[in-house]
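Please read this short report alongside the sequence and the 3D view.

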Amino acid sequence: MTEEIQELDLTEDEKKLLEELAFEDLNELSDFGEARRQFLKRMSVAGGAILAANLLDGQQIFAHSLNESATANIENVVKVAFKVNGAEKSLNVDSRMTLLDALRERLELTGSKKGCDHGQCGACTVIVDGRRVLSCLTLAATCEGKAVTTIEGLQKGDELHPVQAAFIKHDGFQCGYCTPGQICSAVALMNEAKNGEASYVTADVRLKGRALQLSDDEIRERMSGNICRCGAYPNIVAAIKEVHTGKAQAQTWQFVGENDVAIFENESKKEDAANETV
Amino acid sequence: MRPFKYSRANDANSAVQIATANKAANFLAGGTNILDLMKEDVMRPDELIDITRLNLTQVKTISDGANKGGVSIGGLGKNTDAANHPLVRQNFPLLTQAILAGASAQIRNMATNGGNLNQRTRCSYFYDTAMPCNKREPGTGCGALEGINRMHAIFGWSNDCVAVHPSDMCVALVALDATVKVQAADGKERSIPFADYHRLPGDMPQKDNNLGQGELITAIEIPKNNFADKSYYLKVRDRASYAFALVSVAAALEMDGKLIKQARVAIGGVAHKPWRATETEKFLVGKEATEANFKQAAEMEMKQAKPLEHNKFKVELGKRAIARALMQAMNGGKV
């Protein structure tokens, strides 16, 4: 039996896995036909776990080495201490290092994403001292004494933050790259609405000081700093509205009717005519 | 990004002293514009002076001086806090709307009031270091003059520069006759009328404004006015939100019965500085607040526009936007 298994050219890990998978009859592996395929099938189920274990291992090594190289080559060192998701952190950073890079490369918090790195997409949004900000345009050096909350810090124990849960329920994403930023942004938005803060589409900015019930237009305007290339916007709005109102949301939509098309065509003609006269 | 020294200023005096001593230093406030420009290698300071901890963030009623009874907004307060302060929302809703029309919630939470004034143009030739740009590198020429100039100026430009100032907040501030309070290198405070703060490009487009070397904006003052009931900030852009203006209009009216006692109109996205539409304002005084009068008043200003190859549309757009903003102002500035 041992010889037969060796014929399969298995590594030590695979052998161990094989035992854990508890094949009823290891002899079935001696046949390179059907049994081999069955073996591979079972392997692929277990494979996820092995892959995950390997990745975790690799990531730890990688993060460690980044940490070391980052501290070895930094210029204009600034010592900065701040809280991240409730934990005190102290770092020596290059004066050029953004908060986003500090989180991702030094603190191993890779939830916050680097989308454009120029403040145009919102994927790097985190919450600093209760306010949503762009971590790609925040220097780590300026964060002394501040409290940073990232997507990793939103859930309580095993319980997702209500906004996280609503994003899952309403499919508020497709590829997921913008999602951590969207969620951090939405969490801060809830507080802004509670505090009665206005937006450009607020009907009357002079009415102030009370909690706002946000319309879809208000949510869209307030979330305009978070771009989603997959276009999951209707789902994102539904998720936010559900948490904001506390009432289950269903999306409403309709096909563009003939009337809408006619209006659009008339407007285009008017615009063309206006341009010709200029 | 090129290496730079980071220093943290504890008070306005020391900040100004460091900035005066080192011509290659820049202040760092919200950082939303300067860090972007440093990543693009457009700006190359060798030192950033972090002024975010200076005690210049208050919004308060002015108790004496020329602007008594008006509001003072701290130079290092955040845009969000200025827009939402009860004094501003109640008495200067035009400023609230203008600030909230700009950027995104995240950026307004970071950007400061003084920084908003000092942000650089978003002209794509200024941002692209492979292109000529007199503002970025004096003497290299203007790429936009005969290039893709759809977003560019229709008023006050020169052959050296056709860029526009990108701020919304500043359009409201020029309409409201604000004053910029500045701490100079000698420790003294000086005042610059808002209309004189930003410059037209002339043959020195590298100089955006009249702030001296090392000078720091400590506050922005807005005099008391009677526009709060009838003002509106209209922004027209390529997408519904989070985009720079093609044309924007700050409009404010004070009525005397049926007649207009005083009108304030300023336009954004059309010049190297927020553009006060003085011809429109003059025309409206003593007239009735009708759409026909608003259109004619808009025409008075816009007929002086000198559009470039790709932005002729801004002339008609500007006329309509001025008339619409004035109508909205008459409607109490409600959306």
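## Chain A overall

Chain A holds nine helices and five strands. Here helices (H or I, at least four residues) and strands (E, at least two) are DSSP runs, numbered from the N terminus. Read from the N terminus, the order is α-α-α-β-β-α-β-β-β-α-α-α-α-α.

This is a predicted model, in which local features need pLDDT of at least 70, side-chain atom pairs count only at pLDDT 80 or more, and totals for chains, interfaces and linings use all residues. Residues are numbered from 1 along each chain as its sequence is written, while chains are lettered from A and ligands numbered from 1 in the order in which they are written.

Chain A has 278 residues, and 35% of them count as buried. A residue is buried if 20 or more other C-beta atoms lie within 10 Å of its own, exposed if 12 or fewer, and partly exposed in between; the C-beta atoms are placed from the backbone. Among the contacts in chain A with a separation of 6 or more, 57% link residues 24 or more positions apart. A contact requires C-beta atoms, placed from the backbone, within 7 Å.

## Helix 8 of chain A

Helix 8 of chain A covers residues 233-245. Its 13 residues reach 18 Å from first C-alpha to last, close to the 18 Å expected at 1.5 Å a residue. The expected span is 1.5 Å times one less than the number of residues.

Ten of the 13 residues of helix 8 are buried, and the helix is mostly covered. The buried residues include A:Ile236, A:Val237, A:Ile240 and A:Val243. Charged side chains are on the list too, A:Lys241 and A:Glu242 among them. The cover includes helix 5 (162-169), helix 6 (179-194) and helix 7 of chain A.

Just after helix 8 of chain A, A:Gly246 takes a positive phi of about 75 degrees. A:Ala248 sits in the loop between helix 8 and helix 9 of chain A. A:Ala248 counts as exposed because it has 10 C-beta neighbours inside 10 Å. A:Ala248 and A:Ala238 are ten residues apart in sequence, and their C-alpha atoms are 8.9 Å apart in space.

## The interface

How many residues of chain A are in contact with chain B? On chain A there are 39, in contact with 36 residues of chain B. Strand 4 (131-134), helix 7 (216-222) and helix 9 (258-277) of chain A each supply at least two residues of that side of chain A. Strand 4 gives the largest share, four residues.

By class, the chain A side has 13 nonpolar, 15 polar and eleven charged residues. Ala, Val, Leu, Ile, Met, Phe, Trp, Tyr, Cys and Pro count as nonpolar, Asp, Glu, Lys and Arg as charged, and the others, Gly among them, as polar.

## The four-stranded sheet of chain B

Chain B carries an open sheet of four strands, ordered 9-10-11-12 with antiparallel pairing. Strand 9 (231-237) and strand 12 stand at the edges with a single partner strand each, so one side of each has no neighbour in the sheet. Strands pair if DSSP finds at least two bridges between them.

Strand 10 (residues 245-256) and strand 11 of chain B run antiparallel and are joined by nine bridges. One bridge partner pair is B:Ala251 and B:Val265. Two residues lie between these strands in the hairpin, where B:Gly257 takes a positive phi near 65 degrees.

Strand 11 and strand 12 (residues 275-276) of chain B are antiparallel too, with two bridges. B:Ala266 has B:Arg276 as its bridge partner in strand 12. This hairpin has six residues between the strands, and B:Gly269 takes a positive phi near 75 degrees. Seven of the ten residues of strand 11 (residues 259-268) are buried, so strand 11 is largely enclosed by the rest of the structure.

## Helices across the sheet

Helix 5 (residues 93-101) of chain B lies across strand 9 and strand 10, at about 15 degrees to strand 9. Helix 13 (residues 313-330) of chain B lies across strand 9, strand 10 and strand 11, at about 35 degrees to strand 10. Axes are lines fitted to C-alpha atoms, for helices over the stretch in contact, and angles run from 0 to 180 degrees between N-to-C directions.

Helix 13 of chain B is largely enclosed by the rest of the structure, because 13 of its 18 residues are buried. Just after helix 13, B:Gly332 takes a positive phi of about 85 degrees.

Terms used: Contact = placed C-beta atoms within 7 Å.
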